[in-house]
Amino acid sequence: MKLNTLVSYLNRELQIEQFRDYCPNGLQVEGNSEVQRIVTGVTACQDLIDAAVAYKADAILVHHGYFWKGEPEAIVGIKKQRIQTLLQHDMSLLAYHLPLDGHSVFGNNVQLADILDFEITGSLDPNDKRVPGNVGRLSRPMRAGELSEHIALRLNRVPQHIGEEDDIIETIAWCTGGAQSYMQYAINQGIDAYLTGEINEPSVHNARESGTHFYAAGHHATERYGAKALGEHLAQEFSLDVEFIDIDNPV
């Protein structure tokens, strides 16, 4: 299909105009005007680009692209090498950050709920649907330590857990990636536990003092599923050749 047709479709599907984001969403680097082979992944690192070159991809579709607010604007060093590789191989880069987190079907948060058997009952912020994340219930009540084991089994990553191991968890809130600051939404709603990718120093105290369990299951590990699901949709909808490539990241 035409690159501009693909970009227009994704921009509409992910409703990018609804989000105030930290980076441009959509086409970030323009390559071949025709697209047949796509590589999807979490982050547009050099390893993913090199894998896409080997796959002879026309485009890469990721969650974490380039041109983040506050980063140096000059295209030098690592950024130069990555973009140079894309341009040398006439390969486009498409990136969707918050729009991919929040999508109701292909979003990282919905996909994570499916992987972990969480029942979605509402939004993390009931007053602003643009805030990614959800609240819900476990498929059955679990001890907090048992929930850690369940997360480790499904994500292949042992989470860091703050809380008493024998407490019973029934309700949970979650937001993938680096959303530790969103824990307050779970506290406000009286949710038993909050799950995200990363943890910081204040999160430990907030968890202890509120009695809300905190699970940090890995930024990468919680965000492997949105780009993959979106790519599978594109393959089915437009008969494109799409391959998800997981460049593991322990963070």
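User: Glu146: buried, exposed or partly exposed?
Analyst: Glu146 counts as partly exposed, at 22% relative accessibility. The cut-offs are under 20% relative accessible area for buried, over 50% for exposed, and partly exposed in between, with a 1.4 Å probe and protein chains only.

User: What am I looking at, and how is it numbered?
Analyst: This is a predicted model, where local features need pLDDT of at least 70 and side-chain atom pairs count only at pLDDT 80 or more, while totals for chains, interfaces and linings use all residues. Residues are numbered from 1 along each chain as its sequence is written, and side-chain values use heavy atoms, with hydrogens and water left out.

User: Back to Glu146. Which residue forms a salt bridge with it?
Analyst: Arg140 does, and the closest N and O atoms are 2.5 Å apart. A salt bridge here is a side-chain nitrogen of Lys or Arg within 4 Å of a carboxyl oxygen of Asp or Glu. Arg140 is partly exposed, at 41%.

User: How many salt bridges are there in the whole structure?
Analyst: The search finds 11. Among them is Glu71 with Lys79, with 2.9 Å between the closest N and O atoms. Another is Asp128 with Arg130, at 3.2 Å.

User: Is Lys79 buried or exposed?
Analyst: Lys79 is buried, at 14% relative accessibility.

User: New topic. Which residues make up the negative surface patch?
Analyst: Glu149, Glu164, Glu165 and Asp167. Patch residues have over 30% relative accessible area and no salt bridge; like charges are joined within 9 Å, and nonpolar side chains (Val, Leu, Ile, Met, Phe, Trp, Tyr) within 5 Å. Asp and Glu count as negative, Lys and Arg as positive; His and the chain ends are not counted. Each charge is placed at NZ of Lys, CZ of Arg, CG of Asp or CD of Glu. Areas come from the Shrake-Rupley method with a 1.4 Å probe, and for residues only the protein chains shown count as cover.

User: Where does Glu149 sit?
Analyst: Glu149 is in helix H6, residues 144–155. Helices (H or I, at least four residues) and strands (E, at least two) are DSSP runs, numbered from the N terminus. Glu149 counts as exposed, at 56%.

User: What about phi at Phe67?
Analyst: Phi of Phe67 is positive as well, near 65°, and the residue is not glycine. Phe67 is in the loop between strand S3 (59–64) and helix H3 (77–88). It counts as partly exposed, at 30%.

User: Which residues of helix H5 are buried?
Analyst: In H5 (residues 108–116) they are Asn108, Asn109, Gln111, Leu112, Ala113 and Leu116. Just after H5, Asp117 has a positive phi of about 60°.

User: Last one. How many disulfides?
Analyst: The count is 0. A disulfide needs a pair of cysteine sulfur atoms within 2.5 Å.
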